[in-house]
Every structure is written in structure tokens, then in C-alpha cells.
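Student: Please take a close look at the aromatic rings in this model. I would like one connected account, with the geometry spelled out.

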Amino acid sequence: MKYWRGFLTAGIIGACTLALTEFAKSHPTLVDMIFPYISRMISGSMAEWSAGVSFCLWQVFLVLCVLVVCTLLVLAIVLRWNFLQVTGWITAAASVILFLQFGVFDINRYAGPLADDIQMAVTNYDIAELEEAAKYFLEEAKKADDLLPGEGKPSAPGFESLASKAPDGFHSLVYDRKFSVFANSTVPVKKLSWSGYYTGIGTTGVTVTLTGESAVNPEVPGVLMPYAMCHEMAHRISIYADRDANFAAFLACTHNSDPYFVYSGYLNAYRYCLKALQSFNAENAQAACQRLTAQERAHFGAEVQSIDNFYKGAEDIYDFRNNVQLLVSWYIQEIYMPNHVEQPDDAPSFDPMDEEQVDLSGLPNAPGAR
């Protein structure tokens, strides 16, 4: 029986993870009320702790864990340890890590969407609305482009410079827009090691909340870098879904005081809209794409293509269509409606004692009564 204790422990922890999962599924409102705040508190504290070193601690821990596991397996063979007992305790240790990961961060998949936290109504869109949103994002990207130094295709600032400026957009969302969901540690993101591997699979970054580290692949194209940094920081503040993290990245970039972040936010939003339009076979969608690309600046196409080349087809049409649903809903609510919905004229104040508005002849104390 003693040889099975590790597997028994792993089974108990696995059962706890399963029970927590079922609880989260059946009580999403309670999860939304409690767990995101717990996650932010833990990840924020860990981020401050792990910021003491420039490299990713989780990658060091991963290497150490692999070395420890390999060493134990070799020793089990050489010293004739009970192989079942050794693998059992290795499995138990892995189950503890997975339980912590789920309890700290992954459980937030069952929390409410970001749109609810910022009181944004999410609606379906049609081709015309998608084109209008894309046109707006394109025009805003041009305005930000005008503020960038140099001519032609703008050169991206260095990684450390961008990382130090990324928290500015989240700070603005919290203190100017009063969106408390974006409040958490403002520790800069780190460079992701093994970048060649992550570039090969089209990964822009990784966030590990157990160490509070958001890391971005340094080989990401310059125009995508600010957006990727904000995306990973959004994960660190317990925004689980990639769709919500992408939208949070757009908001954080466009509320940043640095024009390169604004440029990155609007150009990536434009790219999502353009790709979504291209995914529809309808004639009006293809015509909209032609109208939009005709309005691009010379280097915009190259910027968009550099992002496409990085992902190497890792995205699909549903990624674009899902992401633009939030972007188009934001455009309609924040830009279109305030500028196109007619506001009613100020209604005259009603005075019940004004004889020009009300017949006061039957009131004994009314003005003019005897």
C-alpha cells in the first residue's frame, strides 16, 4: 500500500480540482465576485517579489523540475528504488502545481466577461458596422502615426523602453475611466527566454500567475510589441479569456500617453477588422476591404503583413470574428452613438403653481385667487 501513497495523494488533489471546477461551473456569479480579486492579490504580490530578477523565474523552476524528475528516475533505476513509489510522488507534486494554477488563475474562465465589468453592451454586428469601425481605427492609427518620430515606417523603441511605459494605459483606465478591473501591479513585463521556440509556434507571450510574471517574446514585430505587452499584463490581472485580454490590450494601448502604444492599439484593431471582413465571402465585405486598403498609408500594409508572418496561420477566422465583436460594440457605444444619436431638447421645468401651465382657478390659495 505504501507504494501507492503518491498516486493516492495525486488522486485526492485531482478530486479537489474536479470539485472546484464543478463548483465554479454551477456558481459563476459567486466565482466572479470572489476569485478575480483573490487572483489579482496573489499575482500582484508575486509580481512584486519576482521583479527582483530580470529573467523569468518560472522558466528556471521548470528546468529545475525537469532535472529533478530525470534525476529521480535515474536514481530509481540505478539504486533499485521502487519505481512505482517514485513516479507516484512525482505525480502528486505535479497535481499540487496544477491545483494551485487552477485555483489561482484558471478558475477565472468561469467568471463574467470583461464587457460586464466595464458596463459595455456586446451586440452582433453587420458588414456595414464592421467597415465603419475599421475605418475609424484606421483614421486613429493615422493620427497616432503623425505623432511618431521619423518618416515612413516608424521604428519601434527598445523592449525595456516599451515595457516601462506599458503600465501607463492601465493606470489611465483605473484612475481616469474608473475601471477597477484593471487595477493591479504595474511591474513591467519581462523578456521571454527560448524565444526561437515561441516564435516557431506563433506565441507572443506567456503569463504565469503563480510567479506573477508576464513575459513577451522579444522577436515579436515592433508594431505588435506594445499590444502584446498589454495583452500579457491583462492576463496577470486575472482576465482569462484571450478575447477579453485582446480587448483589454486595445483599451490599455489607446489610453496610453505614448503615441507608439496608441498606434499599435489602433493598427492592431484595424487589422482584426480587416481580417474579419476578408473572412466573409460576401461581395459587400470584399468591396469594403478594397475601400479600406485604398486608404492605408504606404507602410501600413507592411506592418500588417509582419504580424501575419509572425503568427504563421496560427489564427483562424473565428479569432478575428470574435475579437471584432468587442471592438465593434465599443465603437458603436463609445464613438458612433454619442455623435449620431440626437439628444432631446431641454424640457421646460414644470411648475404646478404656474397658471400658464396649470388651471389654478379651483385652488383657494393659488396666485390671483380671492
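Tutor: Start with the cluster. Ring pairs join Y136, F137, F247, F250, Y266, W330 and Y331 into one group. The model is predicted. The search over the whole structure returns 21 aromatic pairs.

Take one of them, Y136 with Y266. Two numbers describe a ring pair: the distance of the centres and the angle of the planes. Here the centres are 6.1 Å apart and the planes stand at 85°, an edge-to-face pair. The cut-off for edge-to-face is over 60 degrees. Where do Y136 and Y266 lie? Y136 is in helix α6, residues 127–146, and Y266 is in helix α12, residues 259–278. The pair therefore ties together parts that are 130 residues apart in sequence. Both Y136 and Y266 are buried.

Now compare the geometry of F310 and Y311. Their ring centres lie 5.7 Å apart, with the planes at 75°, so this pair is edge-to-face. F310 has 5% relative accessibility, so it counts as buried. Y311 has 14%, and Y311 therefore counts as buried too. The threshold for buried is under 20%.

Helix packing is another. Two packed helices are described by the angle between their axes and the distance between the axes. Look at helix α3, residues 57–78, and helix α4, residues 83–104. Their axes come within 9 Å and cross at roughly 170°. That crossing makes α3 roughly antiparallel to α4, because angles over 145 degrees count that way. On the α3 side, the contact uses V69, L72, L73, A76 and I77. On the α4 side, it uses F83, V86, T87 and I90. By class, that is eight nonpolar residues, one polar and no charged.

Last, the cysteines. How many disulfides are there? The count comes to zero. A disulfide needs two cysteine sulfur atoms within 2.5 Å. For C56, the closest cysteine sulfur is in C65, 15 Å away, which is too far for a bond. C56 is buried, with a relative accessible area of 1%. C289 is in no disulfide either; the nearest cysteine sulfur belongs to C273, 10 Å away. C289 is also buried, at a relative accessible area of 6%.

Back to the rings. Y136 and Y266 both belong to the cluster, and their pair links helix α6 with helix α12.

Terms used
Residues are numbered from 1 along each chain as its sequence is written. This is a predicted model: local features need pLDDT of at least 70, side-chain atom pairs count only at pLDDT 80 or more; totals for chains, interfaces and linings use all residues. Side-chain values use heavy atoms; hydrogens and water are left out. Axes are lines fitted to C-alpha atoms, for helices over the stretch in contact, and angles run from 0 to 180 degrees between N-to-C directions. Helices (H or I, at least four residues) and strands (E, at least two) are DSSP runs, numbered from the N terminus. Angles under 35 degrees count as roughly parallel, over 145 as roughly antiparallel, 65 to 115 as roughly perpendicular and the rest as oblique. Contact means heavy atoms within 4.5 Å. Ala, Val, Leu, Ile, Met, Phe, Trp, Tyr, Cys and Pro count as nonpolar, Asp, Glu, Lys and Arg as charged, and the others, Gly among them, as polar. Buried means under 20% relative accessible area, exposed over 50%, partly exposed in between (1.4 Å probe, protein chains only). Rings of Phe, Tyr and Trp (its six-membered ring) pair if their centres lie within 6.5 Å; planes under 30 degrees apart count as stacked, over 60 as edge-to-face and the rest as tilted.
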